Amino acid sequence: MNTTTTKNVCGDKWYLNLDKPEEALKILGFIAIFVIRTLLHHLMKPLGQPYLTTDFAIGLILGNLPKFREAFSGPYSITLNNIIEFGMICHMFVMGLEMNPSVLLRPPTKDAFIAYTSMITTFVLAFVTTPFLHYTKTAPYIFSLALSLMASSTGSPILTRVIANLKIRKSDLGKLASAAGVHTDMISTLFYCFGFIFFPTEKPLARPLHRFFRALLMFCLFLAQVTFTSIVSPIFLNWVNNENPEGKPLKGSHLVMSLAFVVLICSFPTWPPESMYNPILSAFTAGLFLPNKGRMSKWIINKINYLLSTVFYPIFFFWVGFIIHMRNFDITDKMAWARFFALLGTVIVGKVTGTVLCGLLLGYHVPETASLGLLLTAKGHFHVYLAALAIRVPSSVLLFFLFFKLSSKQDLYSLSFGLMQMQTNRVKNTTGAMIIFVIVLTVVYSPFVVMDIIKRARKRVPVHIMALQWLDPTTELRILIGLHGPHNIGSTLNLMEICHGGREPGSIFYATDMVELTDEIAATLKKGGGADQSNDSVTITDRSVTEMRESITAAVNGYGELRNGQGVTVRRMLALSTFVTMAQDICGLADELMVSIIILPFHKRLNPDGTLDSGHAGFRHVNRKILKNAPCSVGILVDRSFGQTEEAWRPGASMDIAIIFIGGRDDREALAFAAQVARHPAVKLKVIRFLEDKSSQNAQKRSSILNRASVVEQEEEMKLDDECFAEFYERYIAGGGRVSYMEKHLTNSSETFTALKSLDGEYGLVIVGRGGGRASSGLTTGLNDWQQCPELGPIGDVLSGSDFSHNTSMLIIQQQRTRGQLEGLHDDFTIL
């Protein structure tokens, strides 16, 4: 049967014509957008560019290909316009939902002062200059108000994404830029809402009294929406959240009611035919005054953001490229280029001037406040949408679109067909395209501004190592402790107790469950995670996992309550991953939480007879990868009896702990850990230092074959060892405290092994370094020949062997090898 278009006489229906190539081009076009978008974004990722720049580049190219323009011309453009309008409703709703309007009622903070100052300077400068550039002949001063407001605003979602991607969101400048950007975006969009209501955007011939009553009606609807949303929505959403607690699936009826409630408050100001209130701005105000806390609000934000980022934004920029018809772009138009550079200069000069002036009053450095001003120039999808509409609309109704004056679907349809015949009254395509290019350019240079901030910060803070040895005594101790299951509870609680030791600034322990993501567990995952999870986008409903986590949570929370008010904070985390990616997730979690050390359980578990089993290969793989890639120090706990001994916090408890110090950066880190442990009243710490006998014949032979570079390196390491140990000795041993000291002079690894065997059964826990950077390698060289677990180092491997005491646990520590994501500069740096 021929597939050409046929008409059904009975039903009078038209069927899809499969012979037409335009239909296939539409499908291929959207597939090409998503595929090319992903590839181009990965290519531009080293430059820190967000998806907006890649989406715009792809949309501009594909939207101007003749075949694609023909495929989406005519009636299909109406469908595309409907998609864009619906997507912008969702975009503005979730943008408002992620904002907090209560900050407007509080005393202005530093970020608010910066936001207000930069907005005022940019608005005034733009309003003074734009009338002389003749963007439009119709109501130029009102148009200048709209364009000035656009120039003074900030695209907070884009700015926040750039700051987060480049790892400065925890720095003082990152926090200030994000907060000021959100504040600016909220204020400017609210001004658009009020401007749409009060400014006369109807035809000039409309009666003034009619315009007044129309504005009064829309203002009353706006107040009704704000009042109803602020009062009723918290009551309704709190009820829904209470009926759907974390960890349980959302009830379908409650989900439907919640979505219906959201649609109601977003749309009811547009119901009266005389109101002409726009649904896009109505969605923003509805989202702004909805409570953004609670499970349902988080679910809505996650779902809509996922829809926007994966589906809508690529189509949106294809529509923008379709609007910017490059054939009508006049590159020789000098006035258009003047408007381009004037608008760009106005935005940059206005923002930088405002932030610098405010920064001087606040006592900030000028270069950093200037960079902050450049970041606040970044625009977003909302501003691109305004500029794209300005290209499509004749100048006589330009303000009509700038304030989203679309009264109904019929208006949109009539405009879509009618505007094609009004070329003489259109805003010039070249000038409108230049405005969009300015908007996109403010996003393009933002990542380079952030990179420059990081570069300057590195010069001020050249190295920031996350390790116990370099921990500032005035800051709290942060430790991430991994758990494989309930059998790790006892050792975890004892570790937290002895590490706390009455430390004055306090300690934060992140008890992290290491759960393998199997197919069975993946089938039980539900979207919307709990507050204690690092994987905060999902909730585990698998019974075995939830029971395991509940038993661990009850134990660690009980300890936290016991130490409440003594500077101890216990937080629960979750690393839910396959063994391939678990190490990466834990390292990322440690970097984000700014911990000084990660303590992991050994992959072998204790048998009832006191021996260790064959171990779990997956957890061994994870431990090895963390040792290689961790942004902080790492400890591996070989638990034989440490988790079964008397709790260290019980009255009268006593715990014998030893540290073996040979030398090297790992041993120095182990000594720093011992310094934390030595403060606990229940700990009896003994420091055992293995020293190489330099007078021995073997030592003389080794020194004769070492090259000069190795000798210099060893001498430097030994100097660092002596300085570190001398400081520890003076503070904890010489004062006659609970820390005892013993030296053993050895000549080779055989004597080292004998010395280790002599310690058999004397201590409940032995702390050792893994062996990195060790100068006295002669004491451990031979031990490497029969290592079973290289990740424990030579000393740790001997102590964990089957022929060693079944009552002695080991903690093997490795100092930080890498410098983290910012190469020596942590993401909580201070530069202001």
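Let me start with a term: a residue is buried under 20% relative accessible area, exposed over 50%, and partly exposed in between, using a 1.4 Å probe and protein chains only. Take Met594 as a case. Met594 has a relative accessible area of 22%, so it is partly exposed.

Now, what are we looking at? This is a predicted model, where local features need pLDDT of at least 70, side-chain atom pairs count only at pLDDT 80 or more, and totals for chains, interfaces and linings use all residues. Residues are numbered from 1 along each chain as its sequence is written, and side-chain values use heavy atoms, with hydrogens and water left out.

First, the overall picture. The protein chain holds 29 helices and 12 strands. Helices (H or I, at least four residues) and strands (E, at least two) are DSSP runs, numbered from the N terminus. The chain has 832 residues, and 53% of them are buried. Next, contacts, meaning heavy atoms within 4.5 Å. Take the contacts with a separation of 6 or more: 81% of them join residues 24 or more positions apart. The accessible surface is about 36,900 Å². Carbon and sulfur atoms own 61% of that surface. Those areas come from the Shrake-Rupley method with a 1.4 Å probe, and for residues only the protein chains shown count as cover.

On to the inside. In soluble globular proteins, nonpolar side chains tend to be buried together. Here a nonpolar core is a set of buried Ala, Val, Leu, Ile, Met, Phe, Trp, Tyr and Cys residues joined through side-chain atoms within 4.5 Å. The largest such core has 111 residues. Which of its residues touch the most other members? They are Phe56, Met88, Phe93, Phe316, Trp319, Val320 and Ile436. Helix α12, residues 295–323, gives the most to this core, with 16 residues. Look at Phe56 for a moment. Setting aside residues up to four places away in sequence, Phe56 touches Phe317, Val320, Ile324, Ile436, Phe437 and Val440. There is also a second, separate core of 55 residues. Its members include Leu495, Ile540, Phe661 and Ala670.

On a 1 Å grid over the protein atoms alone, a cavity is a set of points where a 1.4 Å probe fits but cannot get out, and lining residues have an atom within 4 Å of a point. Grid points are joined across faces, edges and corners, and a volume is the space filled by probe spheres set on the points. How many cavities of 30 Å³ or more does a search of the whole structure find? Four.

Let's visit the second largest cavity. Its space is about 50 Å³. The lining is Leu147, Met150, Ala151, Leu343, Val347, Lys379, Val438 and Ile439. Of the elements, α6 gives the most, with three residues. By type, seven lining residues are nonpolar, none is polar and one is charged.

Next, two backbone cases. Lys167 is not a glycine, yet its phi is positive, about 65°. Lys167 is in the loop between α7 (156–165) and α8 (172–198). Its relative accessible area of 34% makes Lys167 partly exposed. Back to Met594, also not a glycine, with a positive phi of about 60°. Met594 is in the loop between α23 (582–593) and β6 (597–601).

Is Gly482 buried or exposed? Gly482 is buried, at 4% relative accessibility. Gly482 is in strand β1, residues 477–483. Not counting residues up to four places away in sequence, Gly482 touches Thr512, Met514, Ile599 and Pro601.

Ser551 is in helix α22, residues 543–562. Ser551 is partly exposed, at 31%. Leaving aside neighbours within four places in sequence, Ser551 contacts Pro486 and Ile489. The C-alpha atoms of Ser551 and Ile489 are separated by 9.0 Å, and the two are 62 residues apart along the chain.

Finally, Asp760 is in the loop between α28 (749–757) and β11 (765–769). Leaving aside neighbours within four places in sequence, Asp760 is in contact with Asp803, Phe804 and Ser805.

Terms used: On a 1 Å grid over the protein atoms alone, a cavity is a set of points where a 1.4 Å probe fits but cannot get out, and a pocket is an open set with protein on both sides within 12 Å along at least five of seven lines; lining residues have an atom within 4 Å of a point. Ala, Val, Leu, Ile, Met, Phe, Trp, Tyr, Cys and Pro count as nonpolar, Asp, Glu, Lys and Arg as charged, and the others, Gly among them, as polar.
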